[in-house]
Amino acid sequence: MQTRVRALGHPVHQMVIVFPLGLLVTGTIFDLVRLITGNEIFGQVGFWNITAGVIGAIVAATTGWLDWTSIPAGTRAKRIGLLHGTLNGLVLVLFAISWLLRLDGTHQPGALPFTLELLALVAGSIAAWFGGELVDRLGIGVHEGAHPDAASSLS
C-alpha cells in the first residue's frame with residue numbers, strides 16, 4: 001500500500017525519521033559522556049542534538065500521521081500504526097520535557113532529564129519495531145508493483 005506523503009515515488013516518512021532518530025540517540029550518548037566525564041561541552045552538544053531531534057521528530061510525526069490517515073479502517077495495520085504513532089508521540093514528549101528541564105542557561109543534563117531520555121529510547125525502540133512491522137510485514141509504504149526487477153520510480 002502506497003503512503004499519502006511521497007517524494008519522487010518514495011514515502012517521505014521513512015526518509016525523514018532517520019534524522020530525529022540519529023540526533024536523539026546521539027544527544028543521549030553525548031549526555032552520558034557528559035555525566036561520566038563532567039565535561040560540560042558534551043552536555044552542550046547533547047542539548048543541541050536533542051533540540052534538532054525534537055524539531056525533526058515533529059516533521060516525522062506529521063508525515064507519519066498523514067500516512068496513517070490513509071490506512072484502511074478496521075485493519076491490523078491501522079491498529080499497529082496507532083500504537084507506533086502513540087509510542088513515538090511519547091518519545092517526543094519525553095525528549096521535549098528533558099529539553100525543557102535544561103533551559104536553565106547551562107543546558108546540562110541532570111538525573112531526571114537523562115532518565116527521561118533513556119525511557120524515551122526504550123519506547124522508541126519498541127515503536128521502531130512496530131514501524132518495521134508496518135513496512136516489512138504489512139506492506140505499508142511499499143509500492144504495489146514492488147518486485148526485484150521493478151522499474152525505477154523516476155521512469
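Residues are numbered from 1 along each chain as its sequence is written. In this predicted model, local features need pLDDT of at least 70 and side-chain atom pairs count only at pLDDT 80 or more, while totals for chains, interfaces and linings use all residues; side-chain values use heavy atoms, with hydrogens and water left out.

An unreviewed UniProt entry places the feature "domain: DUF2231" at residues 9–143 (positions follow the numbering used here, feature names are shortened, and annotations may be inferred rather than shown by experiment). This span is 79% helix and 1% strand, and its end C-alpha atoms lie 9 Å apart. Helices (H or I, at least four residues) and strands (E, at least two) are DSSP runs, numbered from the N terminus.

Helix 4 has 25 residues and should span 36 Å at 1.5 Å a residue, which agrees with the 36 Å between its end C-alpha atoms; the expected span is 1.5 Å times one less than the number of residues. Among the buried residues of helix 4 are Ile80, His84, Leu87, Val91 and Phe95 (buried: under 20% relative accessible area, 1.4 Å probe, protein chains only). Their cover includes helix 1 (12–16), helix 2 (18–37), helix 3 (40–68) and helix 5.

The loop between helix 4 (76–100) and helix 5 (111–137) contains His107. Phi of His107 is near 65°, a positive value in a residue other than glycine. Most residues other than glycine have a negative phi. His107 counts as buried because its relative accessibility is 14%.

Glu133, in helix 5, also counts as buried, at 12% relative accessibility. Leaving aside residues up to four places away in sequence, Glu133 touches Arg76, Ile80 and Leu138 (contact: heavy atoms within 4.5 Å).

Technical notes:
Buried means under 20% relative accessible area, exposed over 50%, partly exposed in between (1.4 Å probe, protein chains only).
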